[in-house]
Amino acid sequence: MGNKIISMMKKDRKDGSKSMRMNRSQRKLLAEEEMLHRRALSMAIRQTQLSQRFDGSMSKRVGSTSTRKQRTLSDPFSNAKQVPDFSLESLTVKKFILVHGEGFGAWCWYKIVASLEESGLSPITVDLTGSGFNMTDTNTVSTLEEYSKPLIEYLENLPEEEKVILVGHSTGGASISYALERFPEKISKAIFLCATMVSDGQRPFDVFSEELGSAERFMKESQFLIYGNGKDKPPTGFMFEKQHMKGLYFNQSPNKDIALAMISMRPVPLGPMMQKVSLTAERYGKGRRFYVQTLDDLALSPDVQEKLVRENSPEGVFKIKGSDHSPFFSKPQSLHKILLEIAQIP
């Protein structure tokens with residue numbers, strides 16, 4: 001009996017030591033994430049202060065089957081296939097360019113940037129024109145070419161032998177589609193993250209028509225429109241109110257990331273959203289495209305994402321359960337694993 005009690009006490013001490021080590025590890029991770037969040041929050045506050053001069057120009061008006069064979073590469077919540085071990089040496093392309101969606105900026109990628117850097121990769125973020133720290137007045141941005149200019153300039157300046165992996169979130173999908181048409185030789189892979197993977201002749205806004213109504217109706221009736229050139233002129237942009245943004249974009253995201261977004265989101269230029277994108281089979285069609293679906297998304301529903309995949313089939317499809325329209329906030333670890341897996345596909 002005495003030996004049994006001593007054995008149990010030893011086991012308890014071991015378990016307690018293991019628990020303490022786990023708690024220390026968890027505390028370290030939480031501290032690192034908190035530091036990253038504070039840094040992003042500080043940058044966002046500065047961005048808000050810089051962009052306040054544009055506030056006077058804003059005025060609001062009140063008012064699954066594929067057509068061709070498809071390969072599902074990974075499902076992070078399924079036990080059918082585990083994410084393979086990551087080997088940095090096996091990668092020929094190690095540079096990711098992360099392209100934000102409507103209203104967002106480079107700031108939204110802060111968790112993904114940290115995790116990719118820890119994996120030995122080189123993430124690059126861009127602020128599209130009128131977004132994030134790019135202080136261009138969104139009311140002056142009328143075309144997809146203007147909106148995507150920072151991304152295009154970066155690709156133009158890449159050395160001839162260098163390639164990158166593009167990641168486009170939401171309407172950032174239109175920008176990486178445009179880039180793929182312009183520079184197919186410089187893009188190793190294009191990853192559409194719950195994004196507007198448009199077909200030739202389609203408008204980015206059309207992808208959201210089931211949620212927001214037709215483009216024509218939105219232009220006439222939406223209460224979120226901005227008239228930067230006066231109410232007697234066509235609208236120049238739009239911006240959802242905070243409560244609408246929270247419900248559409250962040251229904252599964254942590255509160256502190258929602259707080260970051262609420263002071264960082266900027267108006268969306270309307271022109272690029274309403275422009276029909278011209279894509280050719282000879283250039284865009286030769287690109288390697290992958291799609292990441294977010295299964296708890298209220299801004300771009302899983303059914304709409306499935307329709308995009310069906311009508312413009314990518315090389316592979318990934319799925320993230322429990323993610324809203326902002327997986328870089330709600331499921332950053334799952335997104336990180338998926339990016340690594342796509343990077344390793346030969």
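Biologist: Which elements cover the buried residues of α5?

Modeller: First, the basis of the reading. This is a predicted model, in which local features need pLDDT of at least 70 and side-chain atom pairs count only at pLDDT 80 or more, while totals for chains, interfaces and linings use all residues. Residues are numbered from 1 along each chain as its sequence is written, and side-chain values use heavy atoms, with hydrogens and water left out. Helices (H or I, at least four residues) and strands (E, at least two) are DSSP runs, numbered from the N terminus. Contact means heavy atoms within 4.5 Å. The cover of the buried residues of α5 includes β2 (95-99), α3 (144-147), α4 (149-156), β4 (164-169), β5 (187-193) and β9 (289-294).

Biologist: How many residues of helix α5 are buried?

Modeller: Buried means under 20% relative accessible area, exposed over 50%, and partly exposed in between, with a 1.4 Å probe and protein chains only. In helix α5 (residues 172-182), 10 of the 11 residues are buried, so the helix is largely enclosed by the rest of the structure. Among them are Gly-172, Ile-176, Tyr-178 and Glu-181.

Biologist: At what angle do α4 and α5 pack?

Modeller: Two packed helices are described by the angle between their axes and the distance between the axes. Axes are lines fitted to C-alpha atoms, for helices over the stretch in contact, and angles run from 0 to 180 degrees between N-to-C directions. The angle between α4 and α5 is about 35°, and their axes lie 10 Å apart. The crossing is right-handed; a crossing is left-handed if the near helix is turned anticlockwise from the far one by less than a right angle, and right-handed if clockwise. Leu-151, Ile-152, Leu-155 and Glu-156 of α4 meet Ser-175, Ile-176, Tyr-178, Ala-179 and Arg-182 of α5.

Biologist: What describes the packing of α2 and α13?

Modeller: Helix α2 (residues 110-118) packs with helix α13 (residues 332-344) at about 50°, the axes being 10 Å apart. That angle makes α2 oblique to α13; angles under 35 degrees count as roughly parallel, over 145 as roughly antiparallel, 65 to 115 as roughly perpendicular and the rest as oblique. This crossing, too, is right-handed.

Biologist: What does the side chain of Thr-129 reach?

Modeller: A polar contact is a pair of N or O atoms within 3.5 Å; within protein, one must be able to donate a hydrogen and the other to accept it, and residues adjacent in sequence count only if both atoms are side-chain atoms. The side chain of Thr-129 reaches the backbone oxygen of Glu-146 at 2.6 Å. Thr-129 sits in the loop between β3 (122-126) and α3 and is buried at 10% relative accessibility.

Biologist: Which side chain does that of Ser-330 join in a polar contact?

Modeller: The side chain of Ser-330 joins that of Asp-324 at 3.0 Å. Ser-330 belongs to helix α12 (residues 327-330) and is buried, with a relative accessible area of 14%.
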